[in-house]
Protein chains: 2
Amino acid sequence: MSTVEHLAMSPALDTRTPWSEQEFEALLRDKGTSYHIYHPFHVMMAEGRLTRAQLQGWVANRFYYQIAIPVKDAAILSNCPDREIRREWIQRILDHDGCHIGGIDDAGGIEAWIRLGEAVGLSRDDVTSLRYVVPATRFAVDAYINFARQRPWQEAVASSLTELFAPHIHQQRIDTWPQQYPWVDTAGLQYFKNRLTQARRDVEHGLRFTLEYFSQSRAMQERALEILQFKLDVLWALADAIMLSQCRIEITGPKA
Amino acid sequence: MSTVEHLAMSPALDTRTPWSEQEFEALLRDKGTSYHIYHPFHVMMAEGRLTRAQLQGWVANRFYYQIAIPVKDAAILSNCPDREIRREWIQRILDHDGCHIGGIDDAGGIEAWIRLGEAVGLSRDDVTSLRYVVPATRFAVDAYINFARQRPWQEAVASSLTELFAPHIHQQRIDTWPQQYPWVDTAGLQYFKNRLTQARRDVEHGLRFTLEYFSQSRAMQERALEILQFKLDVLWALADAIMLSQCRIEITGPKA
């Protein structure tokens, strides 16, 4: 009864040849076709067709995902007995929560997101109170947290690979918002700028690990693809939740 | 980081007078205004406007909720040290899973739902394989299971009170489907007929308990209302998920 069911086949019983590293990586990257950059709400966003209230609704709801990230990453740490992995992975928590360690004084990604909220006209309290977060946003994001808590840490690492596709969507916002949403204070775009570098570094680590660990068998490689799909589904469902909370819709017929 | 945050105020610090039992019950019943009977997809269903494929999609997705019910009820049992409560509550699991005990031989509600699937033209395997269950259905239903697992059993009992509103929607289906969906084998309606009696008996027990237990303070009564709203949100998000999976929609403008 979990969101992603466990792999039925033991790797030892799988006599198929695993995909080569190149093939496996290409299959993971192919999953980008269901990244939420193609969701109608994100398409509207990129085309400058969101109202101020709709953009605010997106920022406010998406904040629930932002605060889930360090909780999810701490779950991975707490499930992981490998100190080397933990020493790399903890950087993600520092990035989001911020830190004041050694010479570094970083307010962190969550604070940057709150400033994005202010840049689109929300108050700090509008964002941090979660008062605009709709139930289906919580259900989707909580599914991701529970996955990281309940599944082996290697699976949770694989679930982070939607970062493969993130630099594109961040760059798109940096490029288009100043023209499309000139009323947004450009200082608010700092979150996206930071993530361009951070996501590239993070995904390098997560991808290297996934390619190695899940290549023990074809069944495990297939499991990694399934996990990445689960995470893509979380992001898509989050976009659905925001769309339904912010848009009037009409049912125009049955799905083809 | 849970779907419904814990009550901040200790009941002992709440000096407000609790609502009377009648007032409290009326407030719980008022929540019926956000029951999913008013969701656009359920309105279409009641008006006979669903296609065969759409009704099948509903039955197949909703099956994921059906199989969650005994899991959720077992979580309540496992968290509850009160044997008297457990002896009443276990009936719900027997109702859904079925049983062959004493003189009783009941195939159970899950089996009845599979037969509803067959009555709308799905195969048993279409239903039980969960192959038509979309991610957002899982996220919403899993939120309910996790709530029952992680919260005190008294809160999980209160979350079952959407049953207050269920007889109406079951009766509606029994009354309208034979005209609206004449192609559905009427034997399939047995699930709804069984639930008319079962839901009335169940809610009697859950409501009596909630009115007494949560009336220790006004803050606890408010918490019960919040919990009922959470469960209504689960059902609504489930209907949203099914709607988006089964209907073409058009975004016609921002929410008013």
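I began with polar contacts and found nine residue pairs between chain B and chain A, both residues at pLDDT 80 or more; a polar contact is a pair of N or O atoms within 3.5 Å, one able to donate a hydrogen and the other to accept it, and residues adjacent in sequence count only if both atoms are side-chain atoms. The model is predicted, with pLDDT of at least 70 needed for local features and 80 or more for side-chain atom pairs, while totals for chains, interfaces and linings use all residues. I number residues from 1 along each chain, letter chains from A in the order written, and take side-chain values from heavy atoms without hydrogens and water.

I looked next for salt bridges (a Lys or Arg side-chain nitrogen within 4 Å of an Asp or Glu carboxyl oxygen) and counted zero between chain B and chain A.

On chain B's side, α2 (40-46), α3 (52-79), α7, α11 and β3 each supply at least two residues. I note that α7(B) gives the largest share, ten residues. By class I have 22 nonpolar, ten polar and eight charged residues there.

For contact (heavy atoms within 4.5 Å), I recorded 40 residues of chain B against 41 of chain A. The buried area is about 3,500 Å², 62% of it from carbon and sulfur atoms; this is accessible area (1.4 Å probe) lost on putting the two parts together, summed over both.

I then turned to the largest pocket, about 890 Å³. A pocket here is an open set of points on a 1 Å grid where a 1.4 Å probe fits, with protein on both sides within 12 Å along at least five of seven lines, and lining residues have an atom within 4 Å of a point. I list 45 lining residues, with D240(A), M243(A), L244(A), D240(B) and L244(B) nearest the centre. I see that α11(A) gives the most, ten residues.

Key:
Points joined across faces, edges and corners; volume = space filled by probe spheres on them. Helix = DSSP H or I, 4+ residues; strand = E, 2+ residues; numbered from the N terminus. Nonpolar A, V, L, I, M, F, W, Y, C, P; charged D, E, K, R; others polar.
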